[in-house]
Amino acid sequence: MRNAEDPQVSLSLLEIFGAMMRCATTVEAAEQLGISQPAVSNGLRQLERELGVTLFERVHRRLEPTAEALSLHEELRPMFGVLRGFMLRARDIRQGKFGRIRIVATPPIGHTLAPRAVKELVQERSEVSISYDVRRLEDVCAAVKEGSADVGIALAIDRHTDLNVEVLHRTHMVALVPEGSALAGQAEVTAQDLTGQPFVGLDGASRLGQLVRGAFDRDHATYDPRVEARYCSTAAALAQAGLGVAIVDPYTALFHGGRGLVQRPFNPPSEISVALLLRKGVPRSRLVHSFIEELRRQVRHSAAI
C-alpha cells in the first residue's frame, strides 16, 4: 500500500531533470526538450518540492547538481535510456519513419510509378518494411476491403461501393508504335488508322480493354487485333517483338518507350484515372500518408515528362 508521503513524480518532470543533468544550462535543456527556459526552471523547482530534496545549487551564475542529484540520476540512468528510446520511436512513428505498410497495385502502376515511390519512401527510413504485390483489379479491391493491404493503387476506377477512392491524376491511353512504322510519322494514331493494321489489343474482360473497344466503336472502326493481352506491360512487350501497335496507359508507355517504340496520342480520347483505394473507416497512419505523398510526386513528375 502506498504511503501518503511518497512523492508522485511525473515523467515530464523526470525528463526535465535528465535533460538538465546532460546540459550545462537551463537554456540548453529547454532547446533539447523543445520547451521554454522558464518551463525548465519551474519544472526543476516543482520536482525539488515533490522530492523534498535540493537538486541544483547556483554556483558562479550556473546551476550545479548536488550530490543527491548525482545519486538520483545514477539510479534513474537506465530509465532515461528507455524513455529516450520511447520518445525517439514515437517521433519516428509520427514522421512515418517506422512501421510496416502493405501495398497492392494493378500492373500498370505496380510495375512503373509505385516501385519508384517505394524506393523514395524507404531510402531514409531504415526501419520501415514493405509488403508489395501486383494483382488484378478485383484482387486489389478485395485485399484493401478485407484489410490485408493498407493501400491499393489502380487505373480506370473512379468509385467503389465498399472503398474510399481518391483520384490522383487523370490522363489518356496512348499508342506505342514501332519506330519503323508509317504511323510513327503521324502526330497521333486513331482507331481508324489501325483498321486493317496489325495491332495488339487488350483483353475485353479488363476495364482498359473495354475502354479501348469503346474508342473503336466511337470511331466506327473495326476492332480486330492480331493478338490480345491481359496487361498493358504484356501488350508493350508484344509490340516490341514486332506484333504491331499497342494501345496502353501512358505509364507503361513511359517505362517501355525508347526500346524501338515511340509514343503517340491515341484518338478518340480514352480517359483513365490513377486512383488510391483505401479501406473505409480506417485512419491513415503517418507512414501511409508519407507513401501517398511520395506517389503523388511520382505522378506529377511523370505528367511533366
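Tutor: Helices (H or I, at least four residues) and strands (E, at least two) are DSSP runs, numbered from the N terminus. Just after helix α7, G147 adopts a positive phi of about 90°. The model is predicted, so local features need pLDDT of at least 70 and side-chain atom pairs count only at pLDDT 80 or more, whereas totals for chains, interfaces and linings use all residues. Residues are numbered from 1 along each chain as its sequence is written, and side-chain values use heavy atoms, with hydrogens and water left out.

Helix α7 itself spans residues 137-146, and its buried residues (under 20% relative accessible area, 1.4 Å probe, protein chains only) are L137, V140, C141, A143 and V144. They cover an arc of only 160° around the axis, taken from the directions from the axis to the C-beta atoms, and therefore lie on the same side of α7.

Turning to the rings, the structure holds five aromatic pairs (Phe, Tyr or six-membered Trp rings with centres within 6.5 Å; planes under 30 degrees apart are stacked, over 60 edge-to-face, the rest tilted). F17 and F56 are edge-to-face, because their centres are 6.2 Å apart and their planes meet at 65°. Since F17 belongs to helix α1 (residues 11-22) and F56 to strand β1 (residues 56-59), this pair ties together parts 39 residues apart in sequence. Both F17 and F56 are buried.

F199 and Y223 also form an edge-to-face pair, at 5.8 Å centre to centre and 65° between the planes. This pair links distant parts of the chain, 24 residues apart: F199 sits in strand β9 (residues 199-202), and Y223 in the loop between α8 (207-218) and β10 (227-229).

Notes. Buried means under 20% relative accessible area, exposed over 50%, partly exposed in between (1.4 Å probe, protein chains only).
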